[in-house]
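Here is a short report on one protein chain. Keep the structure open while reading.

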Amino acid sequence: MRKILYYDCSVGIAGDMNLGALVDLGVPVEYVREGLSLLGLGEPLEFDVWEEERAGIKGKRIKVRGVEEWVEEDAEGSHPHEEDHGHAGHSHAEGAAHGHGHAPHVHHDEGRSHHGEGSAHHHHHEHRTFGEIAALIERSGLSEGVKRRSLAIFRTIAEAEAKVHGSTPEEVHFHEVGAKDALVDVVGAALALEYLGVDEVWASPVQLGGGWVRCAHGVLPVPAPATAEIVKGMPVRMGLVERELTTPTGAAVLAAVVDRFVERPAFVPLRVGYGVGTRRLSVPNVLRVYLGEASEGLARTEQVVVSCTVDDMLPEDVSRAVDVLLEAGARDVVVRPVIMKRGRPGHEVSVLADQALAERMVHLLLRHTTTFGCRLHTVGKVELERSFEEVQTPYGTFRLKRASLGGEPSSVKWEYRDLEASSRRTGIPIPRLRALLGRYLADAYGQEGDGRL
C-alpha cells in the first residue's frame, strides 16, 4: 500500500494552518522543535501549539513566539472581530501590496492567521534576503530532503514576489519577524513531511477566497499578487467568502510538495488533522489533511482527454503549445499527424489531464493553437503504482522513480529533471550520467543496470 497525504483545500491554506494540521495529524511538536534548532540561529525558534474550535471542528493553532499580535482594518476601515499576527516575507520593493504595512516592510503572507485583509499596524524590524535564508538552510544540520523542500518553498515565494515587483529572487527581502515566522512555517512543514514519510502528496482544488485588501497604494483584489503568481497551473476556486483564504506561503507549500491535484481521490483515510485559522468566518476556517493508503498494483483513476485538430500551424508553434500544456499540469500531450477535410494534412493535439484541470487545458488549447474548438471526454486510466526515493550520489541528490505491479518491482528510472539539472551543473551529458549512476547503484546497493534499471 502507498502512503498518501491529501490536502483538502476547500477553505484555502496558509503556512501556519498547514503546520498546525500536520501536528494535529500526529507529527510530534518536539520533532519539529528539534529540527528547527538545527538551523543554528543561536536562539531557538519557539512556537506555541494549542487546540481551538471553528464551527464545531477542533484543530491545532500555531503561533510563533516573539511575533507580536496586531490589529488589522478591513477594506472598509473597520476593525475585524479578532487580532491577526504577522506572516512570512516580502519583497524589498513591495510597498504594501498585500495589505500589511508601510513600504517597503510588508509581510507578504497576510493570511498567516487566516485570513486577514486590510492595513496592519506594526513596527519596523531588520530583514533577511532570500539569499541569506537559503544560505542558512544550506549550511544547517537538516537532512538533504528537508533542505530541498524548504528551499523549494522559499524560492517559489521569492520568484513570485520578484516577478510582481520587477526585481530578482535574490533581492527579495523577508521582514525579520516575518522571516522567523516563515522559517517555522516552511522548515516546519518540510520536517513534518519527512516525519510522515509519505509516498505521494495529493491536494484538492484550492479555494482562494475573494474581496479586497487595503494597502498603502490603495485597495487590491484577493488573491494577493504573489499568490496569483504561485497558483498558476493549479486548479483553483474563488469567492467562497469575502476574505483571503490562500496565502503566498500556503500556495508555495502546495506548489513545492504536491504530486497531483485530485478532485475526487480514491484512497483509504487512516487519520485526519485540522489546522485552525484565527478568524471566525461564515465557513469552518480550517485546513483539513488526511493520512491514508492507496492500494498497490494497478491504480485506477478518471481523467479527461481534451483534443483538437489544426491544419494551419507551423510545427514549431505546435511544439510550443505542447510545452505550455505540460507546464500547466497536463499528464501527457500527444501530437498525431492526421488527414483533415479536403485532404489537408494537419495535427491532432491530445491532452491527458486531471479532471480539475479540464477547463484550464481547454483555455490553453484555444489560446496557443489555431483551433476554434475542443473535444472533451472522460477516460478511465490504469497505471502502475509509483513511488519516489532520494538517492545521495557523488554526482548530487537524485530522485529515483519506482513502478510496481502487485507489489513486485516493475521498473525504476531517474527523475529526468534531476538528471537535467545535474548535467547543466557538471557538464556531464545525460546518457553518460545515467550510466555513471547505474554503476554507482550497482556498487553501493548491489543493483544492476544502466541508470534505468
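The sections below go from the whole chain to helices, helix pairs and cysteines.

## Overall make-up

This is a predicted model. The chain has 453 residues, and 53% of them count as buried. Its secondary structure comprises 11 helices and 21 strands.

Take the contacts between residues at least 6 apart in sequence: 69% of them join residues at least 24 apart.

## Helix α1

Helix α1 spans residues 15-25. This helix is mostly covered, with 10 of its 11 residues buried. The buried set runs G15, D16, M17, N18, L19, G20, A21, L22, V23 and L25. Just after α1 comes G26, which takes a positive phi of about 135°.

## L36 in helix α2

L36 sits in helix α2, which covers residues 29-37. At a relative accessible area of 3%, L36 is buried, because the cut-off for buried is under 20%.

What does L36 touch, leaving aside residues up to four places away in sequence? The partners are L45, F47, L183, V184, V187, G188 and L191. S140 lies 104 residues from L36 along the chain, yet the two C-alpha atoms are separated by 9.5 Å.

## Helices α4 and α7

Helix α4 (residues 144-165) packs against helix α7 (residues 248-257). The angle is about 130°, and the axes are 8 Å apart. The crossing of α4 past α7 is right-handed.

Which residues meet in this pair? From α4 come R149, A152, I153, T156 and I157. From α7 come P248, T249, A252, V253, A255, A256 and V257. By class, this contact holds 9 nonpolar, 2 polar and 1 charged residues.

## Helices α8 and α9

Helix α8 covers residues 315-327, and helix α9 covers residues 358-368. Their axes come within 10 Å and cross at roughly 160°. That makes α8 roughly antiparallel to α9, since the cut-off for that class is over 145 degrees. α8 passes α9 in a right-handed crossing.

On the α8 side, the contact uses A321, V324 and L325. On the α9 side, it uses M361, L364, L365 and H368. Sorted by class, the residues of this contact are 6 nonpolar, 1 polar and no charged.

## Cysteines and disulfides

How many disulfides does a search of the whole structure find? The count is 0. C308 is in no disulfide, and its nearest cysteine sulfur is that of C374, 5.1 Å away. C374 is likewise in no disulfide, with the sulfur of C308 as its nearest at 5.1 Å.

Is C308 buried or exposed? C308 is buried, at a relative accessible area of 0%. C374 counts as partly exposed, with 24% relative accessibility. The cut-offs explain the label: C374 is not under 20%, so it is not buried, and not over 50%, so it is not exposed.

Key:
Residues are numbered from 1 along each chain as its sequence is written. This is a predicted model: local features need pLDDT of at least 70, side-chain atom pairs count only at pLDDT 80 or more; totals for chains, interfaces and linings use all residues. Side-chain values use heavy atoms; hydrogens and water are left out. A disulfide is a pair of cysteine sulfur atoms within 2.5 Å. Buried means under 20% relative accessible area, exposed over 50%, partly exposed in between (1.4 Å probe, protein chains only). Axes are lines fitted to C-alpha atoms, for helices over the stretch in contact, and angles run from 0 to 180 degrees between N-to-C directions. Helices (H or I, at least four residues) and strands (E, at least two) are DSSP runs, numbered from the N terminus. A crossing is left-handed if the near helix is turned anticlockwise from the far one by less than a right angle, and right-handed if clockwise. Contact means heavy atoms within 4.5 Å. Ala, Val, Leu, Ile, Met, Phe, Trp, Tyr, Cys and Pro count as nonpolar, Asp, Glu, Lys and Arg as charged, and the others, Gly among them, as polar. Angles under 35 degrees count as roughly parallel, over 145 as roughly antiparallel, 65 to 115 as roughly perpendicular and the rest as oblique.
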